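Hello,

Here is the structure you asked to look at. Please open it alongside this email.

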Amino acid sequence: MYSFSPKLKSTSLILLVLGLVLFSVGYFMNSSLSTEKIKGMMDAIHASGHDAPTHSSEMNGPQDDLSHLEHATMQIHNSPLASIHFVAVFLFGLSCAVLFFYCIQHAAHAGWPIIITRVMEGIASYIPYGGIILIILMVLNITHQGHLFHWMDPELTREGSPTFDVILFEKKIFLNIPFYAARTLIYVIGATFFAWKLKKQSKKVDDTKSLVDYQMLYRWAVGYIAFFGFASAAWAWDWLMSIDPHWYSTMYIWYSMVSCLSSGIAVIILVSVYLKKNGYLPQFNDNHLHDLGVFLFATSMLWTYTWFAQFMLYWYANVPEEVNYFFGRFQHYGVTFLPMLIVNFLLPLLVLVSSSIKRNYKVVTIMACVVIFGHLLDYFNMVMPGTVGPFWKTPEMILLVAGSVLFFAGLFIFTVMSGLSKLKLIPTGNPYLHESEIYEYPF
């Protein structure tokens, strides 16, 4: 059994408190901004020559100065909720992607990863906590306490309204508040149920060592794969793509999911190596590390393919309302948008392409940290342009983002390691355990 070390527990709690303090300071700084200050920020942006819209709503409705000021005010005051939203969606998706990876191994009757199945179950322990936060965010948005989702404004779909938007009116059958709330509950409750059921069934296999019970674990794993396939696509539409509801991409659901999957494999590596180095998981060896490194490399290349395919199609078509999605990011998010290709593609390609280097604990661990940072930056780029717009290079925004990241990092570490401490690290009832213990990659 793993024992949650007091030092790591203290670290997670310090991160929680520090994140809360930084976020609170940023929140009060943001809420105290005056109209004159906001107008000055807006004029400074326009004076710089960077006037590309970062959201489709800027291309519709009245275009007078008062309307622009009202929109800028809403974007700036979106900062606290947007800072929470991008991290919350990222970590929930990451945990669900780890459970998906776990289920794929069971469905394939793979032998090599059995040693780390408890690690994956421990990471999945975050799902209900992350889900509760997303439900709270959903309630704030549908009650109009937050304004991350432009389409939730009823005036936009009311015929005769001066801000009537025909595109949103046509999408109203899907993008409406009751259906959105119901879908969010389905994602969270469904993922929470599968995380609970799979862990319970896995424990039962340990207790009974029955092949019949193992077969049930296999069936529940297949069930979650089907659920995740539909749910991860739909929550990408709901929580990310609908931020800019005029724009859409057929690649987006895979792009956002693979980002979480790559990060999830990186977290598996970090937790497994941590347990190994502290003597809790001696069976984990460089062969298991190598295969995790292979998946980290493969998912990084797959993410790059989906990113490039999505970008290439829009660049080639050059449709104004679609290209705007990228053009606004080039102008206002130039220091985060394209440079993330370095950490998400170039570094994994250069470092992890070698088979022997994937057995190096230090190098693979560092690359896992790099990949997590890179995909967190990716989610930042997905959420911020459509919610905060160009008003992100401010002291209060830095505090809000830093506070959110630290708070969620502390919460994630605390829930994952607490969950892991309640599990037996070696799944002794799994029929493929011996194969995992003697597993050796031949090259």
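Below are my notes, grouped by topic.

First, a caveat: this is a predicted model.

**Helix α1 and its partner**

Start with α1, which covers residues 6-31. This helix has 26 residues. From first C-alpha to last, α1 reaches 37 Å. That is close to the 38 Å expected at 1.5 Å a residue.

Which residues of α1 are buried? They are L8, S12, L15, L16, G19, F23, G26 and N30. As background, an α-helix has 3.6 residues a turn, so residues three or four places apart point the same way.

Helix α1 packs with α15, residues 395-421. The angle is about 155°, and the axes are 7 Å apart. Angles over 145 degrees count as roughly antiparallel, so α1 is roughly antiparallel to α15. The crossing of α1 past α15 is left-handed. Sorted by class, their contact holds 22 nonpolar residues, seven polar and two charged.

Now look at α10 (residues 252-277) and α14 (residues 361-387). Their axes come within 9 Å. They cross at roughly 145°. This crossing, too, is left-handed. The contact of α10 with α14 divides into 16 nonpolar, six polar and three charged residues.

**Cysteines**

How many disulfides are there? The count comes to zero. A disulfide needs two cysteine sulfur atoms within 2.5 Å. For C96, the nearest cysteine sulfur belongs to C260 and is 8.6 Å away, so C96 is in no disulfide. C96 is buried, with a relative accessible area of 0%.

C369 is in no disulfide either. Its nearest cysteine sulfur is again that of C260, at 17 Å. Is C369 buried or partly exposed? C369 is partly exposed, at 42% relative accessible area.

For context, most residues other than glycine have a negative phi. Two residues to check here are H109 and K209.

H109 has a phi near 50°, a positive value in a residue other than glycine. Where is H109? It sits in the loop between α4 (79-107) and α5 (117-124). H109 is partly exposed, with a relative accessible area of 33%.

K209 has a phi near 55°, also positive and also not a glycine. K209 lies in the loop between α8 (177-208) and α9. With a relative accessible area of 52%, K209 is exposed.

D213 lies in helix α9, residues 211-239. Its relative accessible area is 11%, so D213 counts as buried, the limit being under 20%. D213 and Q201 are twelve residues apart in sequence. In space, their C-alpha atoms are 7.3 Å apart.

A309 is found in helix α11, residues 286-317. A309 is buried too, with a relative accessible area of 16%. How far is the C-alpha of A309 from that of K9? The separation is 42 Å, and the two residues are 300 apart along the chain.

That is the set. When you go through the model, please begin with the α1 and α15 pair, with its axes 7 Å apart. Then turn to the positive phi values of H109 and K209.

Best wishes

Conventions
Residues numbered from 1 in each chain as written. Predicted model: local features only at pLDDT ≥ 70, side-chain atom pairs only at ≥ 80, totals over all residues. Heavy atoms only, no water. Axes fitted to C-alpha atoms, helices over the stretch in contact; angles between N-to-C directions. Helix = DSSP H or I, 4+ residues; strand = E, 2+ residues; numbered from the N terminus. Parallel < 35°, antiparallel > 145°, perpendicular 65-115°, else oblique. Left-handed = near helix turned anticlockwise from the far one by under 90°. Nonpolar A, V, L, I, M, F, W, Y, C, P; charged D, E, K, R; others polar. Buried < 20%, exposed > 50% of the residue type's maximum accessible area, 1.4 Å probe, protein only. Expected span 1.5 Å × (residues − 1).
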